[in-house]
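Please look through the structure below with the text beside it, taking the parts in the order in which they are discussed.

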Amino acid sequence: MAVGHDVGDIHGSQPPAPLTLALLVGALTFNTALCFLNTNVMGVNDTMVMGSEVVLVATALYLGLGRSAAPYVVLAIFMSYAAMLMAMRPLLDPKAVRDFLIPIAFYLLGRSCRDPRLADRAALICGLIVVVFGLFEFLALDVYVKYFNIIKYYVARGTVAPSDVKADTGALFASGIRPDARTLLPFLGPHRASSVFLEPISTGNFGAIIYIWCLNRKEMRKRWLTMATGIGAIILSDSRFGANVCVVATAAWFVAPRTPRFVWLAAPFFVLAGLAIYGFTSAEVKWENNFGGRLLWTARLVTSLSPAAVWGLSPDKPFLSDSGYAYTLNQIGLVGALGFWSLFIFTPERSPRAWRFKVCVATYICLLMLVSDSVYSIKTAALLWFLTGTSDAAPDTAETSLAAEPVRARSAYLAAGTV
């Protein structure tokens, strides 16, 4: 796709900005709305949750597909591959399709909008919502749980068994209370804010996503306010992972121009191979709630997969949520994972800045899959992939300015540049 053609397309047909923003806010907050409904009005169930996600993803696809043939080809290949896997194993698992439709749908939505200023607004609005709800929970917990009984909601939707409910966390999710000392600002106590996500892990992940976007958008309005919302989300949720991602992603941002795409194509599979070696050779059996312990646990989960599961053909669905790598293999297999990751890495972007952002996102995903499968959660994935699509599709600032200049001035500029 030619750069000149892309610059000209910046003024073409785009999804309505208010509808796009409403869709992203809806993906962020629909679980909060259902939790409020379950706590105060009527019982909800997993069908209502899945139905809400279907509406959000379908709307994103409708707005994002456009007239180009390429997205339809990608969607057709994905659906054909998913159908083949389900035909080869005696299991109909719509969740596997849903997990990978989310990045496709919201990435295409971002590419269709292709306006980084709209993405800036989305990041700021979502960040303010998260921080305001987080402060509400943190400063008025009794009032918050009166209207948002989180654990009751997760039991109603079937995510948590009634026997797994812990008395010491009250109405919060199991991770809402830090069992050991708080890492970030210990004087705030053991409470970890869940905000609109209803659990603190996603709150920390969201903060890292906002930080990465702001890192790559030096010219955005209200950049520091937006970044403050991301950092605030990390602190309120006491997210050690989110804080570490900010550090590592900053380092990746600096080295991005000097690293070839092949390095980032190989990165998750290099990590996966390391986990397999560690899992098969380590004699360590003691698990602790730290990075070393989580690394050991995800290595154990990866090496527990059967050969059929590695290729995505196992009918079994064990609990793999603590390892995104193991979960991905079990859901779509090694071939599917390689295909999706290759599509992400090699999809062309229109500016060097977009490549830097893509490297930061790749870093975030590779790290997140060490400890969780929440990379597939629409609560954070919708905004992440929308920002990624927008970043890839937005033309370089210099090219946009050049395209907007009168032809005579542009010719003089080009002539001067060739001297």
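When two helices are compared, an angle between 0 and 180 degrees is taken between their N-to-C directions, and angles under 35 degrees count as roughly parallel, those over 145 as roughly antiparallel, those from 65 to 115 as roughly perpendicular, and the rest as oblique. In this predicted model, helix α5 (residues 94-113) packs against helix α15 (residues 324-346) at an angle of about 40°, and their axes are 10 Å apart; α5 and α15 are therefore oblique to each other. Their crossing is right-handed. On the α5 side the contact is made by Lys95, Ala96, Asp99, Phe100 and Ile104, while α15 contributes Tyr327, Thr328, Gln331, Ile332 and Phe340. Of the residues in this contact, six are nonpolar, two are polar and two are charged.

Another helix to find is α17 (residues 378-393), whose 16 residues should span 22 Å at 1.5 Å a residue, which agrees with the 21 Å between its end C-alpha atoms. Because 16 of the 16 residues of α17 are buried, this helix is largely enclosed by the rest of the structure.

Most residues other than glycine have a negative phi.

Conventions. Residues numbered from 1 in each chain as written. Predicted model: local features only at pLDDT ≥ 70, side-chain atom pairs only at ≥ 80, totals over all residues. Heavy atoms only, no water. Helix = DSSP H or I, 4+ residues; strand = E, 2+ residues; numbered from the N terminus. Expected span 1.5 Å × (residues − 1). Buried < 20%, exposed > 50% of the residue type's maximum accessible area, 1.4 Å probe, protein only. Left-handed = near helix turned anticlockwise from the far one by under 90°. Contact = heavy atoms within 4.5 Å. Nonpolar A, V, L, I, M, F, W, Y, C, P; charged D, E, K, R; others polar.
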